[in-house]
Number of protein chains: 2
Amino acid sequence: MADSRGHIGRLLSFAVNQNALDQELSATDKTQILQMLTRFGDLGSNYTYTGSSRAGFPGQEDKGSRQRDESLTPRQIEELISEPIWQARLDFFHGLNQQATMLQPVGGMDRIADAFKNQVGSDIQYESIVKEIRKIVNGVRVVYEKSSIMTSLEVDYCVCTIPAPVLKDIPNDFSSEFQQEISNFGYSSAAKLAFQSKRFWEKDHNIYGGISWTDQDITQIWYPSFGFGKSKGILVGAYIWGTTAANSFANQTPQQRITAAMTQGSILHSEYTSEVTHGISVSWLKVPYQMGAYGYSTPNVLLNPDDNIFFAGEHLSILQGWQEGAILSAYNAIDGIVKKDIG
Amino acid sequence: MADSRGHIGRLLSFAVNQNALDQELSATDKTQILQMLTRFGDLGSNYTYTGSSRAGFPGQEDKGSRQRDESLTPRQIEELISEPIWQARLDFFHGLNQQATMLQPVGGMDRIADAFKNQVGSDIQYESIVKEIRKIVNGVRVVYEKSSIMTSLEVDYCVCTIPAPVLKDIPNDFSSEFQQEISNFGYSSAAKLAFQSKRFWEKDHNIYGGISWTDQDITQIWYPSFGFGKSKGILVGAYIWGTTAANSFANQTPQQRITAAMTQGSILHSEYTSEVTHGISVSWLKVPYQMGAYGYSTPNVLLNPDDNIFFAGEHLSILQGWQEGAILSAYNAIDGIVKKDIG
């Protein structure tokens, strides 16, 4: 990152000084942008870039202050821009959903679902498979099966949060444009795999949380961002969302996935062979009543009610794939029902 | 940040497309850098920048998904580069010492000092004021005063970590170039002030940790990065290092500092007047046996031993002002003694 900012700052300063942007920038703008770019890129005199202390020092963690005259050799611009993985990942953590610092509840993200369950759990019908969603006069009929018994429920409103790949095969009375958007709604084949391991990444490599990227199928290794300094931790050994790799992973047996993630991971960390155990994987594509990790199509008609049926879920939110998105979408449905009921 | 990256990416793309950088970039480089800049800046078609979802959505936190067609209006480049505070702070969190994600020990940074004390506390002479540091044959004599009793200690080596502004006035036998560097060593006048308060920044403003900057004397407000969701927290109401402001703060009484920080802070947060209490401040410039917050000169001769006297401390490290720097510097002194003892 320090090098990419350095080269970008250097090149843009050069263009400004060559008067190449005079149709965009006034004389004052030019003076000010050169000041900004010097700080942005940590540029030297004459707007050169020869590396930056922002990237750290060699041997910093164990060699004391004697290394003060050495700095890391910067990577050249040609090298940075010619690597597809660098180009593709440079913006990853700029996205709204990935910016530092992210928080999670103590105990993990499912504490949020548990907290809802603690509040409204008695209203939930568990293990109930929706078989039909029908329109009736001023209401909705939902037919579901529980322990082989069919029940028909007639209600004023239905808020349907069933993922589109499941919903499309449930008999319904939705209007055709709703049916069509549900049928065509794209879902990620993303999959994950985790291992238990001694924390070699902390002890031997000073890695405390974060991601390693690879162009192998496993795509990413995630290091735990909690429990620092403990003996063992859970390593995400694969987080795959590229369609080809994720589909290939989905079609493997759990043991095949573990073997592949072991082989690929050990290229990044030789400690894999001795430390990593207890592989466990999930491919949401294969999870019944889910059949996809998260929606990625841009919703349109599903943002509106179809008579008394409202749709909600992460796939209909501006934060697709996130619990926060699901909650934002719920607000939308609630507002819609309130408006319709009053209006 | 999203807007600054957007404009930088847009302007550099424009320069590349105008062939203004042809002496720097090959045709392949140009194709690749344009791809990279598009992702770096979240540019639209034809390398335009019209805002980015990376900056968030208006009303996102409470208005649900209905706002999906709205996005925040980007700030124009002229506006970004004309503000001194924006120019000056753009690079703050790029520095090696300020990059996300930073960790601290549970219980606060002084747990590190406490952990050392638990290990070596019995070897420490507390409340002992060093009065002289003298060279003797193959060793060092340190004279100190404790409870009005003077003690003279003769040792093989001395590792001196006394801050330079204190050390310069202790009678010593240092070589003249060492005395000179100690006398001239620059120290920051940085000062801090904290308040107790209900967590209005979390509840009312969705601020979870981080810094607000102001061009008033208080310079920064720091929000606590722990204890999220608790009723009260400690707010750093001033963290000043600019020399003029810090010296002015140092010369105020504790109550004057509190009053000033209240007045200035309430411009950023009107809740100050009702919520903020228990102000407490420190100006390290005024702390005996410290007389400065941290060193900022680049050390030279002090990195070497003066006969059997070794110097250490944060001010002699590559991470000045940090405990990690003090430890790195200690390694340097240890290595020096080992080498000298063997050699």
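Predicted model: local features only at pLDDT ≥ 70, side-chain atom pairs only at ≥ 80, totals over all residues.
View 1. Residues are numbered from 1 along each chain as its sequence is written, chains are lettered from A and ligands numbered from 1 in the order in which they are written, and side-chain values use heavy atoms, with hydrogens and water left out.

**View 2. Aromatic rings pair and cluster in chain A.** Rings of Phe, Tyr and Trp (its six-membered ring) pair if their centres lie within 6.5 Å, and planes under 30 degrees apart count as stacked, over 60 as edge-to-face and the rest as tilted. Over all chains the structure holds 27 aromatic pairs. One of them joins Trp201(A) to Tyr223(A) in a tilted arrangement, 6.3 Å centre to centre with 45° between the planes. Because Trp201(A) belongs to helix α8 (residues 200-203) and Tyr223(A) to strand β7 (residues 220-223) of chain A, the pair ties together parts that are 22 residues apart in sequence. Helices (H or I, at least four residues) and strands (E, at least two) are DSSP runs, numbered from the N terminus. Trp201(A) and Tyr223(A) are both buried, where buried means under 20% relative accessible area, exposed over 50% and partly exposed in between (1.4 Å probe, protein chains only). Ring pairs also link Phe92(A), Trp213(A), Trp222(A), Tyr239(A) and Trp241(A) into a cluster.

View 3. A disulfide is a covalent bond between the sulfur atoms of two cysteines, and the criterion used is a pair of cysteine sulfur atoms within 2.5 Å. Cys158(A) is in none, and the nearest cysteine sulfur, that of Cys160(A), is 5.3 Å away. Cys158(A) is buried, with a relative accessible area of 10%. In chain B, the closest cysteine sulfur to that of Cys160(B) belongs to Cys158(B), and the 5.3 Å between them is too far for a bond. Cys160(B) is buried as well, at a relative accessible area of 4%.

**View 4. Helix α1 of chain A packs against helix α1 of chain B.** Each of these helices covers residues 2-17 of its chain, and they pack at an angle of about 55° with their axes 10 Å apart. That angle makes α1(A) oblique to α1(B), and α1(A) passes α1(B) in a left-handed crossing. Axes are lines fitted to C-alpha atoms, for helices over the stretch in contact, and angles run from 0 to 180 degrees between N-to-C directions. Angles under 35 degrees count as roughly parallel, over 145 as roughly antiparallel, 65 to 115 as roughly perpendicular and the rest as oblique. A crossing is left-handed if the near helix is turned anticlockwise from the far one by less than a right angle, and right-handed if clockwise.

**View 5. Helices α1 and α2 cross within each chain.** In chain A, the axes of α1(A) and α2(A) come within 8 Å and cross at roughly 160°, so α1(A) and α2(A) are roughly antiparallel to each other. Their crossing is left-handed. In chain B, the axes of α1(B) and helix α2 (residues 27-41) likewise come within 8 Å and cross at roughly 160°. The crossing of α1(B) and α2(B) is left-handed.

**View 6. Asn19(A) and Tyr289(A) have positive phi.** Most residues other than glycine have a negative phi. Asn19(A), which is not a glycine, has a positive phi of about 65°; its place is in the loop between α1 and α2 (27-41) of chain A, and at 44% relative accessibility Asn19(A) counts as partly exposed. Tyr289(A), also not a glycine, has a positive phi of about 65°. Tyr289(A) is located in the loop between β9 (277-283) and β10 (309-311) of chain A, and is exposed, with a relative accessible area of 54%.
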